[in-house]
Amino acid sequence: MASLTAPTSARPAEKHRAAPAPDSPARRKRRGGLVMTAVVAVAAFLWFSPLIVLLLTAVRTASDFASHGTLAMPHDWTLSNFGDAWRIGKFSTTYRNSLLITVVKVPLGVLLSALLAYALAKLELRFRRAVMFFVFLGLTVPIYIAIVPLFTMLRDAGLTDSLWGLLPPYLAFGLPFTTLVLQQFFRRIPDELIEAARMDGAGNFRIFWQFVLPLSLPALVTVTVLDAVATWNELLMSLIILSSPEKSTIPLGMLGFSGTFTTNYTGLSAGILIAVVPILVLYALLQRWIVGGLTAGSVKG
C-alpha cells in the first residue's frame with residue numbers, strides 16, 4: 001500500500017516545483033515585453049502629437065486659438081476653416097497644377113531611373129563605375145547652389161513661369177536617389193535568370209520589360225511613392241521658377257496664409273490637412289510595399 005500512495009503524495013510537490021519562480025526568465029521576459037510596449041506606445045504618441053495638434057487647431061476658431069493657446073483643447077469647434085482654407089490657398093488651381101506635374105514627372109523619372117539602374121546593375125559597361133560615381137554624386141549636391149544656373153538656363157530656354165519648366169530640375173535632382181534604390185534591388189535578381197532569357201533569344205529591353213520590372217514591383221512602388229511625395233511638397237524650385245498665381249503649386253498656395261504681420265494658424269492648419277491627405281492615404285495603402293522596397297538589398301544572401 002505504501003508503494004501505491006507514494007506517487008500520489010509526490011504530485012503536490014511536483015506541482016509546486018513546476019510553478020515559475022518570482023524572478024524566472026519567463027517572468028522577466030514578460031515584464032520586459034510590457035516595458036517595451038509602454039515605451040513604443042509613448043514614442044508613437046510623441047510621433048503623432050504634431051498631427052494631433054494640427055487636427056485640433058484646424059477645427060477650432062481663431063479667437064479660441066488666440067485665447068487658449070496651441071496645446072489646449074478646443075472650446076469652440078468649427079469646420080469653416082476648411083472652406084476658408086480652400087479659398088485662401090486657391091486649392092482648385094494649385095491641386096490641378098501639382099497633380100499635373102506629379103502625374104507627368106514621377107512615371108517619367110521612375111522609368112529613366114529604372115533604365116539607368118538596370119544598365120548599372122546587370123549590363124557590362126566599360127565606364128560603369130565612372131557613371132555610378134557621377135550619378136550618385138548628385139546626392140551630395142545641394143539644390144541651393146544650383147538655383148542661379150538653373151534659372152538662367154530655363155530663362156534662356158523660355159521655360160520660366162511654366163509648369164513644364166519644373167520638369168528638368170525635378171528629374172535631375174530625383175534621379176540619383178531613385179537610381180540608387182532600384183540598382184540595389186536589381187542586383188538581387190539572379191543573373192542565371194537573365195542568362196536563361198538571353199539563351200532563349202530575349203534582348204536587353206525585353207528582359208527589362210518582361211522579367212526585371214515585374215520582379216521589382218516593391219522597389220518600383222517605393223520609389224514612386226517617395227518621388228511623388230517629394231514632387232508634391234517641393235517649394236524652393238517652384239518659388240524661383242513660377243511667378244503667376246494661376247501656375248502655383250500647393251506649397252506656393254500655402255504661402256497665402258502668412259502675411260507681413262500675422263499668420264492665419266487655424267486656416268493654415270486646415271490647408272495643411274487638405275494638402276497632405278492624398279499623401280497620407282497613399283502611404284497607408286502602400287506601406288507594406290514601401291517597407292519591403294526600402295529594406296531590399298540590406299541583407300545579402
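The tour below starts with the overall fold and then moves to a cavity, a ring cluster and a helix contact.

**Before you click**

This is a predicted model, in which local features need pLDDT of at least 70 and side-chain atom pairs count only at pLDDT 80 or more, while totals for chains, interfaces and linings use all residues. Residues are numbered from 1 along each chain as its sequence is written, and side-chain values use heavy atoms, with hydrogens and water left out.

**Stop 1: the whole protein**

Show the cartoon. You will find 14 helices and zero strands. Both kinds of element are DSSP runs numbered from the N terminus: helices are H or I with at least four residues, strands are E with at least two.

Now switch to the surface. The protein exposes about 18,600 Å², and carbon and sulfur atoms supply 69% of it. These areas come from the Shrake-Rupley method with a 1.4 Å probe; for residues, only the protein chains shown count as cover. Of the 301 residues, 35% are buried. Buried means under 20% relative accessible area, exposed means over 50%, and partly exposed lies in between (1.4 Å probe, protein chains only).

Next, think about contacts, meaning heavy atoms within 4.5 Å. Among those between residues at least 6 apart in sequence, 72% join residues at least 24 apart.

**Stop 2: the cavity**

Select Lys105, Gly109, Ser113, Tyr170, Leu171, Gly174, Leu175, Thr178 and Asp227. They line the largest cavity. A cavity is a set of points, on a 1 Å grid over the protein atoms alone, where a 1.4 Å probe fits but cannot get out; lining residues have an atom within 4 Å of a point. The count is one cavity of 30 Å³ or more, and about 30 Å³ of space lies in the largest. That volume is the space filled by probe spheres set on the points, which are joined across faces, edges and corners.

Which helices each supply at least two residues of this lining? Colour α5 (91–122) and α8 (167–186) to see them. The largest share, five residues, comes from α8. By class, the lining has three nonpolar, four polar and two charged residues. Here Ala, Val, Leu, Ile, Met, Phe, Trp, Tyr, Cys and Pro count as nonpolar, Asp, Glu, Lys and Arg as charged, and the others, Gly among them, as polar.

**Stop 3: the ring cluster**

Select Trp86, Phe91, Tyr95 and Trp232. Ring pairs link these four into a cluster. The structure holds eight aromatic pairs. Rings of Phe, Tyr and Trp (its six-membered ring) pair if their centres lie within 6.5 Å; planes under 30 degrees apart are stacked, over 60 edge-to-face, and the rest tilted.

Zoom in on Trp86 and Phe91. Their ring centres are 5.7 Å apart and their planes are at 35 degrees, so the pair is tilted. Turn to Trp86 and Tyr95. Here the centres are 5.8 Å apart and the planes at 25 degrees, so the pair is stacked.

Is Trp86 buried or partly exposed? Trp86 is partly exposed, at 39% relative accessible area. Phe91 is buried at 0%, and Tyr95 counts as buried at 19%.

**Stop 4: Ala58 and Ser269**

Select Ala58, in helix α2 (residues 25–58). Ala58 is buried, at 0% relative accessibility. Leaving out residues up to four places away in sequence, Ala58 touches Thr78, Asn81, Phe82, Thr266, Ser269, Ala270 and Leu273.

Finish on Ser269, in helix α14 (residues 265–295). Ser269 is buried at 8%. With the sequence limit of up to four places again left out, Ser269 touches Leu54, Thr57 and Ala58.

Definitions and conventions
1 Å grid on protein atoms, 1.4 Å probe; cavity = no way out; pocket = protein on both sides within 12 Å on 5 of 7 lines; lining within 4 Å.
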